[in-house]
Amino acid sequence: MADSPSIIRTQRILIAVEDSKYSEKAVRYGYHLAQAFNGQVALVHVIDPPTSSTYGAVDPIMGVNPVYIPEINEVQEQASADLLSRLATLWPNGEQNVTKISRLGQARKEILEAANEWQADLIVLGTHGRTGFDHFISGSVSEGVARHAICPVVIVPYKDED
């Protein structure tokens, strides 16, 4: 029988967040784990890429192309920074001890990249608990992260009665 490690390393806990009640429950759970393991915490929030918008109809023949509005990106970045700061204040060891990561892109991919770059030992994230057609349409970020992560993933379920 092969030797198993005597201690499972869980010092760096990455918590994926969004602005929802599901996410706040995951944050509290991740903070509890980090305290139990005397670990470090990072919060990661992924901003959906801004979509281009059009004024009037898009008509490639007439030369009307979608317009990108940079102010939308600035608003999203500020909202992400505000969310991370608000959730960091819940950390009992002081907000300044929380690493805050804001990324732009596809949630699953960016969470996994942030975990690798930050060298996370554990990823914690919440789930909406969607099923059926709703799950099929929206996909599941938590499921995708769990399937592709190179470290353990804890998915914190949320029920409406929580």
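A residue counts as buried when its relative accessible area is under 20%. Ser 80 comes in at 0%, so it is buried. That's a handy way into this structure, which is a predicted model. Here's a quick tour: the sheet, the helix packed on it, a pair of packed helices, and then a few individual residues.

**The sheet**
- Five strands make up an open sheet with parallel pairing, and their order is β3-β2-β1-β4-β5.
- The edges belong to β3 (98-104) and β5 (153-156); each has a single partner strand, so one side of each has no neighbour in the sheet.
- Going from one strand to the next, the twist averages 20°.

**Helix α3 against helix α5**
- For α3 (residues 107-118) and α5 (residues 141-148), the angle is about 40° and the axes lie 9 Å apart.
- That angle makes α3 and α5 oblique to each other, and α3 passes α5 in a right-handed crossing.
- On the α3 side, the residues in the contact are Ala 107, Arg 108, Ile 111 and Leu 112; on the α5 side, they are Val 141, Gly 144, Val 145 and His 148.
- Sorted by class, this contact of α3 with α5 has five nonpolar residues, two polar and one charged.

**Ser 80, the buried serine**
- Ser 80 sits in helix α2, and its relative accessibility of 0% is why it counts as buried.
- What does Ser 80 touch, not counting residues up to four places away in sequence? The answer is His 45, Ile 47 and Ser 102.

**Asn 97, in between**
- Asn 97 is in the loop between α2 (70-88) and β3.
- With 45% relative accessibility, Asn 97 counts as partly exposed.
- Leaving aside neighbours within four places in sequence, Asn 97 is in contact with Val 41 and Trp 91.
- The C-alpha atoms of Asn 97 and Ala 42 are separated by 8.8 Å, although the two residues are 55 residues apart along the chain.

**Two residues with positive phi**
- Most residues other than glycine have a negative phi, which makes the next two worth a look.
- Asn 38 has a positive phi of about 55° and is not a glycine.
- You'll find Asn 38 in the loop between α1 and β2, where it is exposed, with a relative accessible area of 66%.
- Gln 119 also has a positive phi, near 60°, in a residue other than glycine.

How values were computed:
Residues numbered from 1 in each chain as written. Predicted model: local features only at pLDDT ≥ 70, side-chain atom pairs only at ≥ 80, totals over all residues. Heavy atoms only, no water. Axes fitted to C-alpha atoms, helices over the stretch in contact; angles between N-to-C directions. Helix = DSSP H or I, 4+ residues; strand = E, 2+ residues; numbered from the N terminus. Parallel < 35°, antiparallel > 145°, perpendicular 65-115°, else oblique. Left-handed = near helix turned anticlockwise from the far one by under 90°. Contact = heavy atoms within 4.5 Å. Nonpolar A, V, L, I, M, F, W, Y, C, P; charged D, E, K, R; others polar. Pairing = 2+ DSSP bridges. Buried < 20%, exposed > 50% of the residue type's maximum accessible area, 1.4 Å probe, protein only.
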